[in-house]
Amino acid sequence: MELKDHSKPHIEEKEVAADVRDEDLSRHVLRRVFAVGKTFVGVKFKQSDISDCYFRNCRFIRCDFTGANISGSNFRGSQYEECRFQYSTWEHTHLDEEFLDNCLPSEENLARDLVRSLRVNFGHIGNYAAVNKAASIEVALTGLHLYHAAYSKQSYYRSKYKGWDRFTHAIRHARWKALDLIWGNGESIIRVLISGATVIFLWASVLVWADPNFNFHQSLMSVTYAFWGVDTSPPLPRHEFTALSVIRFTFFGLFMAILIKRLARR
């Protein structure tokens, strides 16, 4: 096995005294570097290790953080314009949750990986609102990636996902879409409530069509009461009452799963 040295220049215990422009800090180790209110333009941080640094209220313009490993640092109040964060990882680093709105890569699979890293990072620093936001974005990006892998006509996807692999992604997307409609893939309590209401409405509609003894209002009230385990008059057939009870318990389980998941993140 042939090996060669792979040492990284170290910048430690330094304060940035002025704005920085067009510096190449690729594959550097930045440790305990301090900067407040400074502007970085066209600076490359590719594959750099940034740890225990303080970049508060700084402005990064067209900077490249591709593959950077950022840990134990503070980026609160900083702004990013046209920066690249593909393949970067974040740990125990303070940054504003607006990062999720403005700094994700255009490639949905890379954006998903970055959001996943940020979700764990926000959990480390106790920003649970950002954790929930990142989880929702991650779910949406996962569905978008599955859709493109299965159905997109772009050359990138058609060259990478072919034949059986494409069919597998189509099945995975269909499953993702079904779970998204039912409960937002574990992230939306509102979806669970809407799904429950939809089941009641559709069941009532079928009951009106199948049994002329019911008008729609009576059917809707009967199905709603039966859904909550209350006997109705006229009573629904026992098998329908039992089926609605099973559906109620299922949706209650989904509701509690989402609630517990959100509380567990805290």
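How many aromatic pairs does a search of the whole structure find? The search turns up 23 aromatic pairs, where rings of Phe, Tyr and Trp (its six-membered ring) pair if their centres lie within 6.5 Å.

## Ground rules

This is a predicted model, so local features need pLDDT of at least 70 and side-chain atom pairs count only at pLDDT 80 or more, while totals for chains, interfaces and linings use all residues. Residues are numbered from 1 along each chain as its sequence is written, and side-chain values use heavy atoms, with hydrogens and water left out.

## Phe45 and Phe60

Phe45 and Phe60 sit 6.5 Å apart centre to centre with 70° between the planes, an edge-to-face pair (planes over 60 degrees apart; under 30 is stacked, the rest tilted). Phe45 is in the loop between strand S4 (39–41) and strand S5 (49–51), and Phe60 in strand S7 (residues 59–61), so the pair ties together parts 15 residues apart in sequence. Strands here are DSSP runs of E, at least two residues, and helices are runs of H or I, at least four, numbered from the N terminus.

Phe45 is buried at 2% relative accessible area, and Phe60 is buried at 0%. Buried means under 20%, exposed over 50%, partly exposed in between (1.4 Å probe, protein chains only).

Both rings also belong to a cluster linked by ring pairs, with Phe40, Phe55, Phe65, Phe75, Tyr80, Phe85, Trp90 and Phe99.

## Tyr147 and Tyr151

Tyr147 and Tyr151 are four residues apart in helix H3 (residues 128–151), about one helical turn. Tyr147 is partly exposed at 39% relative accessible area, and Tyr151 is partly exposed at 41%.
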